[in-house]
Number of protein chains: 2
Amino acid sequence: MADKSRTTVTKKPLADFKVGVDNVIFSVDTEQNRLLVLLVMRQHEPYRDRWCLPGTLVRQGESLEESAYRILSEKIRAKNLYLEQLFTFGDIGRDPREAPDSYAVRYLSVSYFALVPFSQAELIADGVSGIAWYPVNQVPELAFDHNRILEYGHRRLCNKLEYSPVAFDVLPEAFTLSDLYQLYTTVLGENFSDYSNFRTRLLKLGFLSDTGIKTSRGAGRPASLYRFDAEAFAPLKNKPMVFI
Amino acid sequence: MADKSRTTVTKKPLADFKVGVDNVIFSVDTEQNRLLVLLVMRQHEPYRDRWCLPGTLVRQGESLEESAYRILSEKIRAKNLYLEQLFTFGDIGRDPREAPDSYAVRYLSVSYFALVPFSQAELIADGVSGIAWYPVNQVPELAFDHNRILEYGHRRLCNKLEYSPVAFDVLPEAFTLSDLYQLYTTVLGENFSDYSNFRTRLLKLGFLSDTGIKTSRGAGRPASLYRFDAEAFAPLKNKPMVFI
């Protein structure tokens with residue numbers, strides 16, 4: 001009897017999945033002070049002619065990361081593009097290819113994230129697909145749940161600016177403290193900190209080296225050029241700390 | 001011709017997946033100062049009779065989170081068990097049920113993470129399955145890549161202790177600063193900070209309230225009992241900061 005009652009519990013069968021990877025690739029246009037995200041135009045249904053994050057479905061014999069790098073290599077040439085896993089989205093019905101009763105194949109999205117230097121990232125035009133850097137605050141309604149994935153990626157980027165030296169990946173090698181402040185403002189918004197506090201905190205952390213060179217822009221006083229000192233940062237790398 | 005060359009590129013077919021969820025559930029035994037992780041004994045092949053993280057495969061009509069909570073509700077009764085997504089593991093061959101040529105169904109694992117109070121977590125014995133709290137530093141070789149998932153979860157826990165008030169979820173409501181220090185030491189290891197620095201930093205953050213009550217343990221001087229002041233912490237919640 002005990003065995004029987006166990007076997008009569010109705011268990012739904014296991015779900016079958018296709019797995020997609022979607023990449024949230026950010027860049028900062030430091031000339032125009034805009035945070036950008038890489039979008040591509042969908043060429044097939046569902047959501048044909050709608051912008052989306054560059055992604056693909058994982059093929060046989062391919063790891064998740066391989067799949068994510070594969071699709072990016074078709075869209076963009078960038079040095080040191082290092083993808084970090086962001087989040088896995090698996091809500092029921094997130095892809096219209098799932099039948100409404102959910103008994104058909106489900107579509108999972110494993111999202112990845114990177115920040116690349118604008119000047120070193122070259123978009124690959126294949127003559128067919130639309131591809132563009134979009135200012136994050138002007139992104140239209142995207143295919144699938146990609147606005148949500150983008151939002152998640154933006155939050156991660158903001159967090160990373162607080163405790164890791166990602167900013168120096170996208171700044172030129174020598175920069176003024178005002179350039180650095182402007183970059184933080186572009187990503188985090190105007191009110192994240194005032195300039196004077198920001199300057200004091202960052203200099204105190206000890207990984208910005210004064211190059212001894214000054215630069216003059218417009219009518220202001222000449223400003224010192226700094227560089228990120230990776231050696232000075234190394235011992236701090238695994239210490240709990242925040243920059244701002 | 002151009003079209004032909006495009007169509008002759010051999011693309012491997014899409015991979016088919018089953019999706020698993022695996023939970024890294026930590027607790028701290030504050031009596032014995034041990035960091036614990038919840039393990040269950042596998043009852044079926046592959047890896048029959050091997051310990052593993054409590055997990056399951058996602059069923060039809062079930063979201064990833066629903067699946068993760070479902071399996072936990074069969075193993076443990078705990079108040080306020082809140083799962084956070086950790087990482088998705090999708091390497092080829094991570095599950096022996098995949099055929100060696102990778103053309104069969106793949107098995108993905110979306111891992112989740114929680115820290116639960118030891119005194120309030122009750123294991124559910126169903127008379128069949130082995131289930132136990134294992135000291136993290138004594139965990140045996142687990143099924144699949146679960147040692148790797150556990151390691152990833154442990155790193156996340158260590159990080160969270162640095163910047164979020166998770167410690168107060170597992171301490172009793174009133175605790176001494178030495179209890180708090182001991183908890184950090186249990187998770188992070190002996191050398192994370194000396195007591196005096198730790199004490200100074202934590203008190204300076206302003207979210208520990210002295211209850212006015214003192215406690216006496218053993219031969220030492222009576223120590224003040226503190227509590228975590230959630231109201232004082234609220235405005236700090238989204239500020240970049242570290243505790244230690």
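In chain B, the N-terminal end of helix H6 (residues 195–205) is capped by Asp194(B), which places a side-chain oxygen 3.1 Å from the backbone nitrogen of Ser196(B). This is a predicted model. After H6(B) comes Gly206(B), with a positive phi near 85°.

Chain A has its own cap. There Asp194(A) sits at the N-terminal end of helix H6 (residues 195–205), and a side-chain oxygen lies 3.1 Å from the backbone nitrogen of Ser196(A).

## How the two chains are related

Two copies of a chain are related by a rotation about an axis and a shift along it.

## The interface

The contact involves 38 residues of chain B and 37 residues of chain A. Of the interface residues of chain B, 97% are also interface residues in chain A, so the copies meet through the same surface. The size of an interface is often given as the accessible area lost when the parts come together. Between chain B and chain A, the buried area is about 3400 Å², and carbon and sulfur atoms give 57% of it.

Polar links also cross the interface. There are 12 residue pairs in polar contact between chain B and chain A. Four elements of chain B give two or more residues each to the side that touches chain A: strand E1 (17–29), helix H2 (64–73), strand E6 (84–89) and strand E7 (106–117). The largest share comes from E6(B), with 4 residues. By type, the residues on this side of chain B are 19 nonpolar, 7 polar and 12 charged.

## Salt bridges

Side chains of opposite charge can pair when their charged atoms come close. Over all chains, the structure has 22 salt bridges. Across the interface of chain B and chain A there are 2. Asp16(B) forms a salt bridge with Lys18(A), and the closest N and O atoms are 2.4 Å apart.

Another salt bridge lies within chain A. It joins Arg94(A) and Asp145(A), with the closest N and O atoms 2.8 Å apart. Arg94(A) is in the loop between E6 and strand E7 (106–117), while Asp145(A) is in the loop between strand E9 (131–135) and H3, so the pair ties together parts that are 51 residues apart in sequence.

## Aromatic pairs

Over all chains, the count is 42 aromatic pairs. Take Phe87(A) and Tyr152(A): their ring centres are 4.6 Å apart and their planes meet at 40°, so the pair is tilted. This pair links distant parts of the chain. Phe87(A) belongs to strand E6 (residues 84–89) and Tyr152(A) to helix H3 (residues 146–163), 65 residues apart.

## Backbone exceptions

Most residues other than glycine have a negative phi, and most peptide bonds are trans. Which way does the peptide bond from Glu45(A) to Pro46(A) go, cis or trans? The bond is cis, with omega near -5°. Pro46(A) lies in the loop between strand E2 (34–41) and strand E3 (51–52) of chain A.

Chain B has a cis peptide bond between Glu45(B) and Pro46(B), with omega about -10°. Pro46(B) is in the loop between strand E2 (34–41) and strand E3 (51–52) of chain B. Asn33(B) is not a glycine, although its phi is positive, about 55°. Asn33(B) lies in the loop between E1 and E2 of chain B.

Definitions and conventions
Residues numbered from 1 in each chain as written. Chains lettered and ligands numbered in written order. Predicted model: local features only at pLDDT ≥ 70, side-chain atom pairs only at ≥ 80, totals over all residues. Heavy atoms only, no water. Contact = heavy atoms within 4.5 Å. Buried area = accessible area lost by both parts, 1.4 Å probe. Salt bridge = Lys/Arg side-chain N within 4 Å of Asp/Glu carboxyl O. Polar contact = N/O pair within 3.5 Å; in protein donor to acceptor, adjacent residues only side chain to side chain. Nonpolar A, V, L, I, M, F, W, Y, C, P; charged D, E, K, R; others polar. Phe/Tyr/Trp six-rings, centres within 6.5 Å; stacked < 30°, edge-to-face > 60°.
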